[in-house]
Amino acid sequence: MKRPLLGPFTAPRTSAHLLGPIQKITTPMRRYGAGEEVDICIVGVGSAGGILLQRLARAGFRVVGFEAGPFWDTERDWVSDEAGSHRLYWNDLRITGGDNPIALGANNSGRGVGGGSVHWAGFTPRFHPSDFREYTEDGVGVDWPIDYQVIKPYYELLEREIPVAGPAYFPWGHPHGYSYGPHPLGGVADKLVRGCTELGIEVVAGGPVAIASGAYGDRQHCIYRGFCIQGCKVGAKQSTLVSHVPDAIDRGAEIRDCCMVTRIDVGKNGLASGVTYIDADGHEREQRSKVVIVAGYAIETPRLLLNSACQGHEQGLANSSGTVGRYLMVQGGNVILGRFDQPVRMYKAPPANALTEAFYETNPAHDFARGFAIQTVGPLPIAFAKQMMVAKGAWGWGMRRVMMDYNHWAAFGLLAEILPWEDNRVELAEEVDQFGSPVAKITFSLKENDQKLIEFAKQKTMEVMWAAGAKEVVQEPRYAHLIGGARMGHDPNSSVVDKFGRTHDIPNLFCCDGSILPTQGSANPGLTIQALAVRTAEHIIMNRDAVLAGRPGSMEEPAVRKDLSPPGTFTRGIPQFVK
Amino acid sequence: MTTYPSARPNSDNLPVDPSTGETRPPQAQPGYYPGFSTLSQEPFWDEATRAVVLRRVHEQPPIRFFTPDEVALMEALTARLLPQDDRDDEHRIPLVPTIDDRLFTGRIDGYRFEDMPPDGDAYRIGLRGIDAVAEHLYRRRFMDLGATEQDEVLWTLHRGEPPAGEDIWRQVPVSRFWLLINQDALESYYAHPYAWDEVGFGGPAYPRGYFRLEGGQPEPWEVREQRYNWAAPPDARSDRYEHLGGPSTHHVSAGQEGSH
């Protein structure tokens, strides 16, 4: 055995709830009594739910978050192991179909406090200004009910709360910079920079990524072990579990983990009256509340609205337009794999390590609208083997052989915008889950623009891989992320929620998560989901009396309040981009 | 430790040294990283990870899903999906118990294709399909065939053109079944520290982490690659790379971990 540089490791002996090696939750959780009405129930404590819970608790609301999965103690529950991380994902049955059925589970669906932010790679690019005006600018998709300027201050706030590490100058979309320093390059990022440079394509490295490059409060900085999407035991990568949930609990929020909400209850007055859920022991319970916010992401949010159908809402809640579950999107996420003569060892460093958005915007010379990004990815052996099965047709001895070359391969992922289509959707299947609720059935098919865009993006990304010096380049088609299913808009006839996430049909029922995004650009959606959650919280805080009384609040933009950030996260210092 | 029948290595199935034509004897650790041992680093792993990985190495789940006949067929099948004839007896990675455990406990990846039955049914039906092809081509059951013939049977699945069992493949689309069984075998094999040593993957890395990020350099406790030439057994079919057959839309059906 080689002499190691550090001594053997023993986990800290403590009865405290650990989030990473040094962060602890010591405040006892507030517990609301049975039968006690609270102000707000939040269904799903993930990327959006964790933020909402923190903001609303800090503003003095009585809030309870319901999470179907566990409240992780990361030191005890998470492992530095690919196969052992299965529990981080939403593994309950869903049915997937259509011409291009999408993979769910580990590919895009989290479970447990922190939700998808526990297993995201952490890329945090902003959306571009053009993303909010696609119909006006390109005649495709739909315009958002808000523009970039509305969301920009929330981006700036969250980039410091998360915090996002990245380059001082980021040239695409609305050019901006990051106040936390970029990460060093791993082998894959090095290849992306080489390939782009060779072809004269602008590229950035070291972020933007939701991984602390320096210690941040009681969170350690990154140790470059490469297990980002298996849950960051280090606490360097942001999940709302480590960034916002501890402050939420400090401020009196309650989280009921292992509690699956099966129905939103509606009272005789037509308003939401609370939720029905199955607790950790399998008992059905109710929680009354003045407001309900659904934050279950693009599959479970529509599913819960549909499963909550009742008298007066026979087609499901908030579904008078028939739009619930529709306009579901993923991004073209083909993985392009290149083999190099010299070892790369792509298991080291964060998978989210470098990217280019040089092809993000519509190019009039192309025969398709919109664009794509190219990013680094870093599959560990099991994921890589499955990619090789598809990309190379490897099996048997051929699989053993290509896997022995694992350390010679580098992987890029493209992120190609797929447009919102009405018939790409979530419906209810005939089959039911362990609680007796119909499971989601997802139908997904690519249209012409999507196919042309993905084909172009694939060819361009392969070109970059060749230019980086690869001696063999193969690719695996796949999809990344989930968006839509309860989209926001001004028109109640073609959208589910308004620009603040309030459902058009029921004034005290909100949706706030990736399901409300009308389009998705070719940016990873995590930052935008969290930014919209802060904004919905600000709206509710500013319109406290109206919202708690079940009336619509003001449609004015709320002020961006910095005093609601977790302590110590708000600082100056965003680099300004001068051109 | 293992209580199930196990397909024995046969010298006909051994890889060869292309320069001499001699077979390469089974070894403890195939691959280009001699002396590299992720398990030797176990004292530097965190406790939760250590418990999960060591259980995987030292304890095999009991067979509870497959019938004895199916176990025998699964052993023969996985021995071709991921041949281990180049590994010595002590260092072969059991694949069937892990797959059995997944099917028995009903663990899935969070979705099912609308044209597929539940995974357990898919296995039961699809295994019959493999035997149907074997009977059609060689008038024998799959497990009674030699490795070359078995490869030929599986090759028809890989191409998405099985010459028999039409009624079976109507219930379980052959391309999806082929990916399902390969994916399960891969998840078992490449989850094992012996496989990590073989491919030079560092294994668990918390709380120590890495510091040599660029240039593919080994950490002080890792080893440099030492390549050697090897060829698959001369009659093996699976050492040739050919794209999966079947309708192209089926190609996205591999189980997918997150990427971006």
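Ala349(A) sits in the loop between strand 12 (335-339) and strand 13 (354-356) of chain A; helices (H or I, at least four residues) and strands (E, at least two) are DSSP runs, numbered from the N terminus. Although Ala349(A) is not a glycine, its phi is positive, about 75 degrees. Ala349(A) counts as buried because 27 C-beta neighbours lie inside 10 Å. A residue is buried if 20 or more other C-beta atoms lie within 10 Å of its own, exposed if 12 or fewer, and partly exposed in between, with C-beta atoms placed from the backbone.

This is a predicted model, in which local features need pLDDT of at least 70, side-chain atom pairs count only at pLDDT 80 or more, and totals for chains, interfaces and linings use all residues. Residues are numbered from 1 along each chain as its sequence is written, while chains are lettered from A and ligands numbered from 1 in the order in which they are written.

Arg370(A) belongs to the loop between strand 13 and strand 14 (372-377) of chain A. Its phi is also positive, near 70 degrees, in a residue other than glycine. Arg370(A) has 28 C-beta neighbours inside 10 Å and therefore counts as buried.

Cis peptide bonds come next. One runs from Gly207(A) to Pro208(A), with omega near 5 degrees. Pro208(A) is in the loop between strand 6 (204-205) and helix 7 (240-243) of chain A. In chain B, Tyr206(B) and Pro207(B) are joined by a cis peptide bond with omega of about 10 degrees. Pro207(B) lies in the segment after helix 8 (193-199) of chain B.

Strands of a sheet pair through backbone hydrogen bonds, either parallel or antiparallel. Here four strands make an open sheet with mixed pairing, in the order 16(A)-17(A)-5(A)-1(B). Its edge strands, each pairing on one side only, are strand 16 (425-432) of chain A and strand 1 (112-113) of chain B. Two strands pair if DSSP finds at least two bridges between them. Strand 5 (residues 95-97) of chain A pairs with strand 1 of chain B in the parallel sense over two bridges. Thr96(A) stands opposite Phe113(B) in strand 1 of chain B.

Helix 5 (residues 148-161) of chain A has 14 residues, which at 1.5 Å a residue should span 20 Å, and its end C-alpha atoms are 20 Å apart, in agreement. The expected span is 1.5 Å times one less than the number of residues. Among the buried residues of helix 5 of chain A are Ile151(A), Tyr154(A) and Leu158(A).
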